[in-house]
Amino acid sequence: MLHILLVEDDVRLASLIQQFLQSNNFKVTVLHSGEQAPAFILSKQPDVVILDIMLPKLDGFSICRRIRQQFSNPILFLTAKDSDLDHVIGLEIGADDYIIKPVVPHVLLARINMVLRRTQKSKTTEQDSIQIGQLNIDKKSRQVHLNKEYVELTSHEFELLWLLANNPDEPQSRDFIHQEMIGREYDGFDRSVDVRVSRLRKKLADDTEKPYKILTIWGKGYLFCSSAWQ
């Protein structure tokens, strides 16, 4: 039975979500304050963490920042705000997805199942490495080195780089990347892929104003340029 941690200060909402997920064969632990969450997550390593953004004492963003480098399982945010800024911040600090309140139980369940499938797929993928010029990507250790220097990436930044580097010099559409990484079709509005590409460019010392390592091919998508790493 997979273990989900729900951190939500609305007691009634937390109880409803807990009952629904338990009826779908998940073990669910609920915390009503963010203060205890980091220690619990790092010690128990639940299969999924669901964080409300607005929490007493320690908000969801702060929790995510504290744990992300030591916690590789999926993190989903619950947000009452239909705000692009909240979504962008969440993705930049390592969230895998977000749910806008009011929560629709079956939508939440679908999102949980999607991130779990994506995680399982990543774990069962054959281990390998890619060496392109001065860039080395090791799938087994999930480490990246550029010019022999370690580049620290979040889990989904690594997955994006692996996806692009596995298809060098071929444009990958936003729809394809979104489906592979987010687990659902691109709706024309979600900025998840754009945010992750932007973050990846910065960490790989690409020119953010005029990118030459990860190119934007208008009307086609993003292209990993193999000659730029020599």
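## Leu161, a buried residue

Let's start with Leu161. In this predicted model, Leu161 counts as buried because its relative accessible area is 0%, and the cut-off for buried is under 20%. You'll find Leu161 in helix 6, which covers residues 155-165.

Who are its contacts? Leaving aside residues up to four places away in sequence, Leu161 touches Leu135, Ile137, Val144, Leu153, Leu200, Leu204 and Phe224. Phe71 makes a handy reference point: Leu161 and Phe71 are 90 residues apart in sequence, and their C-alpha atoms are 20 Å apart in space.

Not counting residues up to four places away in sequence, Leu135 touches Ile130, Val144, His145, Leu146, Leu161, Leu204, Phe224 and Trp229.

## A sheet with helices packed on it

Five of them form an open sheet in the order 2-1-3-4-5, with parallel pairing. At the edges sit strand 2 (27-31) and strand 5 (97-100), each pairing on one side only. From one strand to the next, the twist averages 20°.

Zoom in on strand 1 (residues 3-7): five bridges join it to strand 2, and the two run parallel. Here Ile4 stands opposite Val28 of strand 2. Helix 1 (residues 11-23) packs on the sheet, where it touches strand 1, strand 2, strand 3 (48-52) and strand 4 (75-79). The direction of helix 1 makes about 170° with that of strand 2. Helix 2 (residues 37-44) packs on the sheet as well, touching strand 1, strand 2 and strand 3, and its direction makes about 175° with that of strand 1.

## Two helices crossing

Finally, how do helix 7 and helix 8 pack? Helix 7 (residues 174-182) meets helix 8 (residues 192-203) at an angle of about 90°, with the axes 9 Å apart. So helix 7 is roughly perpendicular to helix 8.

On the helix 7 side, the contact is made by Arg174, Ile177, His178, Met181 and Ile182, while helix 8 brings in Ser192, Val193, Asp194 and Arg196. Sorted by class, that gives four nonpolar, two polar and three charged residues.

How values were computed: Residues numbered from 1 in each chain as written. Predicted model: local features only at pLDDT ≥ 70, side-chain atom pairs only at ≥ 80, totals over all residues. Heavy atoms only, no water. Axes fitted to C-alpha atoms, helices over the stretch in contact; angles between N-to-C directions. Helix = DSSP H or I, 4+ residues; strand = E, 2+ residues; numbered from the N terminus. Parallel < 35°, antiparallel > 145°, perpendicular 65-115°, else oblique. Contact = heavy atoms within 4.5 Å. Nonpolar A, V, L, I, M, F, W, Y, C, P; charged D, E, K, R; others polar. Pairing = 2+ DSSP bridges. Buried < 20%, exposed > 50% of the residue type's maximum accessible area, 1.4 Å probe, protein only.
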